[in-house]
Amino acid sequence: MEALDLARWQFGVTTVYHFIFVPLTIGLTPLVALMQTFWVRTKNERWLRLTKFFGKLMLINFAIGIATGIVQEFQFGMNWSEYSRFVGDVFGAPLAMEALAAFFVESTFLGLWIFGWDKLPKRIHLACIWAVAIATNLSAFFILAANSWMQHPVGTVFNAQTGRAEMVDIGKILSNPTLMAALPHTLTAAFVTAGTFVAAIAAWWMVRLVRSGDVAKARDVYRPAVLLGVVVMLVAGVGVSLTGDQQAKLMFDQQPMKMAAAEGLCASVDGASFSILAIGDLNNDCAGVKHLISVPGLTSFLATNNFSAPIKGVDELQALATAKYGDGVDYVPNLPITYWSFRLMIGMGAGAAALAIAALWLTRKGRVPGTVWFSRLALVSLPMIFLASSFGWIFTEMGRQPWVVVPNPNPSGVDGVWLLTARGVSTVVSPTMVIISMVAFTLLYGVLAVVWFKLMHRYAIEGVAATEHDPSPDNPTNHRDPDDTADADAPLSFAY
Amino acid sequence: MELSTIWFLLIAVLWTGYLVLEGFDFGVGMLLPVLGRRDKDRRVMINTIGPVWDGNEVWLLTAGGATFAAFPEWYATMFSGFYLALLLILLALIVRVVAFEWRGKINDDAWRRRSDWALIIGSWVPAVLWGVAFANLVRGVELDASHQYVGGFFALLNPFALLGGAMTALVFLTHGAIFLALKSGGDVRDRAGALAGRLAPVTLVVAAAWAVWAQIAYSVTWTWAAVVVAAASLVATVLTTRARREGWAFVASAVTILAAVVLIFGSLYPDVVPAFDTANSLTVTNASSSHYTLTVMTWVAAVLVPFVLLYQAWTYWVFRKRVFATHIPDHVGLTFVRPAVPVGAPATPAAGSVGSDEGPQA
């Protein structure tokens, strides 16, 4: 394999892996903050117990998200130094802003929240977790601004003298229409992930307790958590569908090749059908694609709200790109991956929604279900929702190949700012070096994935603790004055 | 002053923040096997930095992001050129992060031992390699006409760079020992103070040797001032640690690191990556971003950095008290395997979390 392929594999491995944990962090932190808010407001201890329970799962997940995020800040320079030289003037800015505006807040206030249970007044402590929750979402804004610029460069000119892209309007970069579509889609997807996570684990426990006879605890602690998770799933789920539709329409306009490839649509046609099942050869040959089941006109409708609108196919788009950007390049992304990742994203997300529907039905009018299939459905929906996010990003990133910076096709777009992935890779890094780093990251990430899963699993099956160091609102140690030296020797409420 | 020069200074400030703050985090991790004889001692040590290490590490991410934004060529050349060194640093930082957070999650001796090793290695590797990397920058590297690093990996392991690695390792060891003496209580404090007193003179000798070498071989006249300040603050470190003036010792140690950064960045300027063939050097001018980008980033930094300093300072205020062994609660982590508790029975925190610090685990 060439250094290019290896570098792409490494980026894919490290980034898809990182993004297993990110959506859960983005969505679960606000949910934990919400649970703690319920506790502070209602003084109902159920919410404190749930805060502590889901808080621990959040922290286990947070750690690996932070650890794998460090790599992201540096691997552009390591493996993609030519890309970094070409785009640094534009692309570096949102990364630096992310660190300054989001990472500092996130890390500092997370430390305050973890260690501050008995050191901070209750409301300030609550404000700390909200600060973390806001910062994680803000972080998504900046990194998506960077990614959206790669998908659709704006606010930039090509400087022929330096041969680099240069920023001319930060406002346009931070209000890129691509970003305005990608951000709500990514955030609502993160909330669906976290809602599913909370609902699924709580549902599993609810069924377990009901079946062992402890209906009271199931009703008192887990049922409210199931409902919280389900409400988040449904509200965010509607959001993810609407924003996804919005984003797809935008992509037909901005990256028609990505969408044509996602449909396996070879020839341009009026009233393009939406393919449900297609087979093809693996040579990325468009002519080999056979559609077995399709819904007539649906692709045209998704693109334009008109069932008979013309849609450009892969062949015509390849010809157009060749005329505009030069020949000798295959401008078609990997067809099977683009086609299937798009469908798997939608399918996995829709599959997880079954949990929400089932939960709403089974818990209607105060019921506390002990149905075994419900508990199994909960367990199945968990990996599905994580996979939906992964497939979504695999689709987005593989679908824009062979570009790393996709040309902006709009008449008002920027001129000359585009870059083929092949031209972005580091020229001084040998394939051996990339192999070494790829093997090292893959092995380490593999080990960490196992440990992460074991820890999450172990803490999930432990369930909510009755009271940990008796942290009930009635316990005076929970709001003692931090400067009160009378109990200076008392153990910390939390320590590593 | 040119905006690119301001950003060169700001990046020096970010590295100072990183090396002063994470410097003692590294030192604490490096000293775990030396000062942490019992598990409880190790937990005292880890908990002195527990609430702050993550925020300290963000100074590195910010330095990286700021370099990317303000000097893309510097970012591209340095990280592709120092590839394997950076890879090792990244791997070390990854295991260190998860070890901090996950160590206490499982109540098991073997688990804790492994986490401790991850912390120790994860602290030693970057502590040495940052010194090697910066020394190579000061010394200059082989760049071709398009500013690409072409020197290979082993050229980075020259005597000057290796001495630089030894220097940063010693500086962080001393800095960490002083921090522990300042922030812990009881047994750990005593031993950390004594160790700092023994480490400081060694650090003085090695750091002075490196600084004088750097100054004579690679730097400009005015950075003699930084060398003198570094030497003076190191002498002050030796004296204050001997006198067990922990607060002043920490200030002196932090000033040493500041002076080292001034020496390093002062010797670089106006280059950011000096080349053996000076015509190929990356400079503050030819590596920098456009004026517009630097203007935008200057506003962003000017607005946000004061807040960062403010809330990070507040964190240190909140957690200002010394950590004593008596503050460390019993292990609250779960055991690997869930003990057989009948479902529905009131789960007690004792289930799965029993265990003394020293005693064998069931």
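Where is the place of Asn305(A) in chain A? I start with that residue, and the reply is that Asn305(A) sits in the loop between α9 (298-304) and β6 (310-311) of chain A. Its phi is near 70°, a positive value in a residue other than glycine, and Asn305(A) counts as exposed, with 10 other C-beta atoms within 10 Å. As background, most residues other than glycine have a negative phi, and most peptide bonds are trans.

Please keep in mind throughout that what we are looking at is a predicted model. For the complex, the predictor gives an ipTM of 0.90 and a pTM of 0.91. Chain A has a mean pLDDT of 89, with 95% of its residues at 70 or more, while chain B averages 90, with 94% of the residues scoring at least 70. There are stretches to treat with caution: in chain A, pLDDT stays under 50 over residues 468-486, for which the model has 18 contacts beyond four places in sequence, and in chain B the value stays under 50 over residues 346-362, where the model has 30 such contacts.

Let me return to the backbone. Lys43(A) also has a positive phi, of about 60°, although it is not a glycine, and this residue lies in the loop between α1 (3-42) and α2 (45-79) of chain A. Is Lys43(A) buried or exposed? Lys43(A) counts as exposed, because it has 12 C-beta neighbours inside 10 Å, and the cut-off for that class is 12 or fewer.

Then there are the cis peptide bonds. One of them joins Gln401(A) and Pro402(A), with omega about 10°, and Pro402(A) is found in the loop between α12 (372-398) and β7 (403-405) of chain A. In chain B, a cis peptide bond joins Tyr269(B) and Pro270(B), with omega about 5°, and Pro270(B) is placed in the loop between α10 (246-268) and β1 (271-273) of that chain.

If we leave aside residues up to four places away in sequence, Ala199(A) touches Val226(A), Gly229(A), Val230(A), Met233(A), Leu355(A), Ala356(A) and Ala359(A).

In chain B, helix α7 (residues 159-183) has 25 residues and reaches 36 Å from its first C-alpha to its last, close to the 36 Å expected at 1.5 Å a residue. This helix is mostly covered, with 21 of its 25 residues buried. As for α2(B), nine of its eleven residues are buried, so the helix is largely enclosed by the rest of the structure. Among those buried residues are Asp41(B), Arg42(B) and Arg43(B), as well as Val44(B) and Met45(B), and the buried residues of α2(B) pack against α1 (3-35), α3, α6 (109-139), α7 and α8 (187-218) of chain B.

Finally, the contact between the chains takes 71 residues from chain B and 73 residues from chain A. On the side of chain B that touches chain A, α2 (39-49), α3 (53-70), α4 (72-81), α5 (83-102) and α11 (291-318) each supply at least two residues, and the largest share, 13 residues, comes from α5(B). How do the residues of that side divide into nonpolar, polar and charged? They comprise 44 nonpolar, 20 polar and seven charged residues.

Methods:
Residues are numbered from 1 along each chain as its sequence is written. Chains are lettered from A and ligands numbered from 1 in the order in which they are written. This is a predicted model: local features need pLDDT of at least 70, side-chain atom pairs count only at pLDDT 80 or more; totals for chains, interfaces and linings use all residues. Two residues are in contact if their C-beta atoms, placed from the backbone, lie within 7 Å. Helices (H or I, at least four residues) and strands (E, at least two) are DSSP runs, numbered from the N terminus. Ala, Val, Leu, Ile, Met, Phe, Trp, Tyr, Cys and Pro count as nonpolar, Asp, Glu, Lys and Arg as charged, and the others, Gly among them, as polar. pLDDT is the predictor's confidence in each residue, from 0 to 100. The expected span of a helix is 1.5 Å times one less than its number of residues. A residue is buried if 20 or more other C-beta atoms lie within 10 Å of its own, exposed if 12 or fewer, and partly exposed in between; C-beta atoms are placed from the backbone.
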